[in-house]
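Visitor: Please take me through one part of this model in detail, namely the side of one chain that touches the other, and tell me how far the coordinates there and elsewhere in that chain can be read.

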Amino acid sequence: MRNSEETIEMIMAGLRDAEASPGMEGRILASVEARASERRVATPRWAWAMAMAGVAAALLFIAILSIHRHGQPPAQAQQHVLPAETARDAQPATLLSQKPIEFNKAVAPRRTGARIRSEEAVLLSDLHTPSHPAPEAPLTQEEKLLLRVVHKGDPQVIAMLDPEERARQEAKSEAEFQKFVEQSGKDVHESDQTTE
Amino acid sequence: MASIAGGSLISFATKSVQVEVDLAALVETYSRLLFRVAHSVLRTRAEAEDVVQDVFVRVIERRRSLHAIRDMRVWLVRIAWNLALDRRRRIRPEQMDESFAESLAASAVSAGERLEQAQRMKVVLREMERLPKAERQVLLLSAVEELGTAEMAEVLGRSESAVRALLFRARTRLRERLEARGGER
């Protein structure tokens, strides 16, 4: 009992009387000032890093905003302004049959609760106006050649398909040739006599 | 009056000097008290000294808001107390108690007696560590003679009566446990 109480008291006295090593104040002061000066030097670097990060974040935000505004026009509007040539490339059979391009007259979905920007308003007004087919595009060189190949009903060609007509035409052509040959021979004989 | 007139002309350097003067005064006034507070928890001089240094680093960090502190002494003690508790979690209790017990027993006459006394102190210190947290903290803080019950209560965030009750319970429990250990032997 007495021993325990004595030991507790000794420990409490030891804690109470604990003394720092001499010169502690000086060491602490020097160390704290050194740390403070380090911080003073380090602060501008930290501030610069923060500023750079802020600028980068601002640039990123602006880039995202501009992509969001201009990079994704509505699908309906894209379909509406599709050039005729692009449509022809996509559907050649339609063009060859000389049919006009069919336009999708889908209506843009209503955006409730959102502020419609001016650019979007223009696009929406375009969508709501009655659409007209694009003017007929001139034929390309290839298309013209194709038309010439598949063209039918030439009277001379049709006539040559008939055997009687063909035989008559051949006989006529043969007679014309003979006449030409005889005429040529007569002309040569007359010239020989004149020379003699 | 002169200081008020020159107040608007205070340069950065002057401010810096002012902080240094204040810091020197603070270190001079409170470092020993803070050392004892930290030492009661850590029981190692070097560690306690590091804690005191950290306290003044905090002071430098918060120098712009120092004017808002109501009681500088309690504020500093509370910082030292919390930093010491934080540091203590990283130190094994046996590590800090062994050298402390040996330093206390050094006053004993013979070597055998010194060894026996050191052994007894280590047992008491171990039992102190096993006390409930609130009781242990009050007991350790009560070892700092400069702190009254009101200041202890403020540091620990308790009422004065609670501190007194905790202190009584801590001493009673510690004594009982030590007697029980003695009886077992």
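Guide: What follows starts with the chain as a whole, turns to the contact between the chains, and ends with the model's confidence.

This is a predicted model, in which local features need a pLDDT of at least 70, side-chain atom pairs count only at pLDDT 80 or more, and totals for chains, interfaces and linings use all residues. Residues are numbered from 1 along each chain as its sequence is written, while chains are lettered from A and ligands numbered from 1 in the order in which they are written.

The secondary structure of chain A consists of 9 helices and 0 strands, where helices (H or I, at least four residues) and strands (E, at least two) are DSSP runs, numbered from the N terminus. Of the 196 residues in chain A, 6% count as buried, a residue being buried if 20 or more other C-beta atoms lie within 10 Å of its own, exposed if 12 or fewer, and partly exposed in between, with C-beta atoms placed from the backbone. Among the contacts in chain A between residues at least 6 apart in sequence, 73% join residues at least 24 apart; two residues are in contact if their C-beta atoms, placed from the backbone, lie within 7 Å.

Turning to the requested part, 24 residues of chain A are in contact with 31 residues of chain B. On the side of chain A that touches chain B, helix 1 and helix 2 (24-70) of chain A each supply at least two residues, and the largest share, 11 residues, comes from helix 1 of chain A. By type, this side of chain A divides into 13 nonpolar, 6 polar and 5 charged residues, where Ala, Val, Leu, Ile, Met, Phe, Trp, Tyr, Cys and Pro count as nonpolar, Asp, Glu, Lys and Arg as charged, and the others, Gly among them, as polar.

As for confidence, chain A averages a pLDDT of 72, and 63% of its residues score at least 70, pLDDT being the predictor's confidence in each residue, from 0 to 100. Among the elements of chain A, helix 1 (residues 2-16) of chain A has the highest mean pLDDT (83), whereas helix 5 (residues 92-96) of chain A has the lowest (45). Over residues 75-82 of chain A the pLDDT is below 50, and this stretch has 12 contacts in the model beyond near neighbours in sequence. Residues 90-97 of chain A also stay under 50, with 2 contacts beyond four places in sequence. Where pLDDT is low, the predicted coordinates should not be read in detail.
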